[in-house]
Every structure is written in C-alpha cells, then in structure tokens.
Amino acid sequence: MSKQFAKQKKSAPTEQGTVIAAHGRHYLIQANGLKLHCVTRGKKSDVAVGDVVEYQMTSANQGVIEAIVPRTTLLYRSDQYKSKMLAANLTQLIVVVATEPSFSDDLISRALVASESSGIKAHIVLNKVDVTASLPKARERVGLYASLGYPVHEVSVTGQPEATREKMLTLIQGQSTILIGQSGMGKSSLINLLIPDAEIATREISAALDTGKHTTTFTRLFQMDAYDGQATYVIDSPGFQEFGLHHLSEGMLERAFPEFRPHLGHCKFYNCHHHTEPGCTVLEAVKRGEITGMRHDLFKQLVHEAAQTIGY
C-alpha cells in the first residue's frame, strides 16, 4: 500500500511557484494566489528566496519541492566554512547607506564585488540626506563608487517620504531587487515606505514558517504590482555586518573590480597576482591614482580570504 502511494506521489503532476521566504529547510511558496508551506526531499537544501520551483501538493496548504527551475542569477556570501544563499533570479542589488550613523566602505565594496561576479547591476541609495551636517562627508565617500559607474540616489525616507517613494518606484519597477544594508541605515523604513503592509506580511510569513519572533533574521520577497507586464519583486535581506566572498577565485575577483579591467592582460607576467610583481599594470594604475589604495587593499584581502578556502 505504501509503495503504491509513493508511486502515485512520484507521478503526481507538479506545479510552479516562487519562493518568498526560507527558514532552515522550510520554504514559503507563492503560487496561484496561495502561500504554501513546502519542504525539500531529503536533507540537502539548496533552494533560495526568489527561486522558481516545481512542487507537488501534499495537503491543502503544504507541498514538497521537486526541482528548481534554472536560475538567471544567484547571489550569495560565504566564509571559509559555509556559504549562505541570499536570493536567486535577481536583476539588481541596492546597497542602502546613510549620512549617519557611519557606513562601512568594506561592506559596500564587498556587496558590489558580489553583484559584479553574479552579473547583477548595482545601485547605491544614500538615505537621510536631510541630515545636512553629515551630508558633505557622506557624498564624498559614495562619490568613489559613483566614479566607478555605480549610480548613487539620494533620498530621505523621513524628511521627503513622497519624493523618496516616487524615486524608488522608478528604480525598482519591473525589476527583481534585493536591498542590502547595515542596521541603522533605514533599510526597513524604506521597505515599509514601498510596501505599506510589509510588516503584516512578514508576521504572516514568520507564523507560516514557525520562526517565532525572529522575523528580521530571514530573507523575504514581496511581490508588487506588475510594470509593463513585468513582475516587480523587492527582496529584503537581514541586516549583516560582514559579507564574505570566500567562494570567488582570484580570476573572478580581479574581473569584479571595474577599475581593474582596462589593465588586465597587460602585466609583464601572464600570471600576475597584482600584489608586488614588477611590471604590473594594476599596481602602476594604483600609483597614478587611477585605482584607490583602499580598493586595491580590499582586492588583496579578498584573494587572501579565498585562498583559505579553496587552497590555490
């Protein structure tokens, strides 16, 4: 009897849905206007928020994930022990910073490297521009990233909510966007401005996945009204202070720094590491000020971290 049931389950038709939240091996899938609590088969779990998955129903509001539809992009961070998938099928990443408290250039740069290596366009949103005393310094700091080609958008969630909402809607319409930011930057306020029922939706997600009160410790996806027939997704990530990139090889890292690219392939040695080698065109660009010392130091640090993991 059980074998026959298993055979019936295996041959049952699958349907497709989008993963809107994850907690451990438990996932909330949005499909056909419903939210379904799903698990994966077996112990392995490599499903990310934003994934389109094929699932089989097991009850009125539960199912089992059978397969992941091929992704267009995947964003994740990692340390030397494990990796953490942030979201799949993204089209853009927005780093939220503020005039105060002070933001981390290291976190911004790592997020930008992650976006470059994943083929995801990146933007920076400078919040709290109404705090005029801190604005000039903040503008100077984000100016570095603007000079590298990353668009910087100035907003004030509390000082100019309507203008901020309009600017952000123009930026995210028709896109699948993840927002990343340290605590205190105003990322949650920005989410609530864009999606007024975000807190209610998050509590519902938390209850559905039985996560208890820790509603800010998991990534979740909000679907907004479509734009020109294109779905609009906003993904809120948990606040974190570190963004490890141990999974990226040295070659992937050097190409993820846009200011390095004009100089790659022109060094004296074909296997140049751009650290101390003579005739290195990247190091020469650093000396000329075309590449900042801070960015070059980060590159060396990321290569060192990756070496601890993949041993090259």
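## Strand pairing and the annotated cysteine and histidine positions

In strand 11, S176, I178 and I180 point one way, whereas T177 and L179 point the other way, and all of them are buried. The structure described here is a predicted model. Strand 11 spans residues 176-180 and is mostly covered, with five of its five residues buried.

Strand 11 takes part in two pairings. Strand 8 and strand 11 run in the parallel sense and are linked over four bridges. Within this pairing, Q92 has T177 of strand 11 as its bridge partner. Strand 11 also pairs with strand 13, residues 230-236, in the parallel sense and over four bridges. Here S176 stands opposite Y233 of strand 13.

An antiparallel pairing is found between strand 6 (residues 74-78) and strand 7 (residues 83-88), and it extends over five bridges. A hairpin of four residues joins strand 6 to strand 7. Y76 has M85 in strand 7 as its bridge partner.

The next region follows strand 8. S102 lies in the loop between strand 8 (92-98) and helix 2 (105-118). Is S102 buried or exposed? S102 counts as exposed, because its relative accessibility is 55%, and the threshold for that class is over 50%. Leaving out residues up to four places away in sequence, S102 touches R141 and M185. With R141 the side chain of S102 forms a polar contact of 3.1 Å. S188 is 86 residues from S102 along the chain, and the C-alpha atoms of S102 and S188 are separated by 17 Å.

A further group of residues comes from a database record. UniProt, in an unreviewed entry, lists C267, C272, H274 and C280 under "binding site".

C272 is placed in the loop between helix 7 (250-255) and helix 8 (281-288). C272 is classed as buried because its relative accessible area is 8%, where the class requires a value under 20%. Apart from neighbours within four places in sequence, C272 is in contact with C267, E277 and C280.

With a relative accessible area of 2%, H274 is buried. Which residues does H274 touch, not counting those up to four places away in sequence? They are E254, L264, C267, C280, V282, L283, H296 and F299. With E254, the contact includes a polar one of 2.7 Å between the two side chains.

Helix 8 contributes T281, V282, L283 and A285 as its buried residues. V282 and L283 belong to this set, and both are touched by H274. Helix 8 is followed by G289, whose phi is positive, near 85°.

The accessibility values given above are collected in the table.

| Residue | Relative accessible area | Class |
|---|---|---|
| C272 | 8% | buried |
| H274 | 2% | buried |
| S102 | 55% | exposed |

H274 is buried, whereas S102 is exposed.

Conventions
Residues are numbered from 1 along each chain as its sequence is written. This is a predicted model: local features need pLDDT of at least 70, side-chain atom pairs count only at pLDDT 80 or more; totals for chains, interfaces and linings use all residues. Side-chain values use heavy atoms; hydrogens and water are left out. UniProt positions are given in the numbering used here, feature names are shortened, and annotations may be inferred rather than shown by experiment. Buried means under 20% relative accessible area, exposed over 50%, partly exposed in between (1.4 Å probe, protein chains only). Contact means heavy atoms within 4.5 Å. A polar contact is a pair of N or O atoms within 3.5 Å; within protein, one must be able to donate a hydrogen and the other to accept it, and residues adjacent in sequence count only if both atoms are side-chain atoms. Two strands pair if DSSP finds at least two bridges between them.
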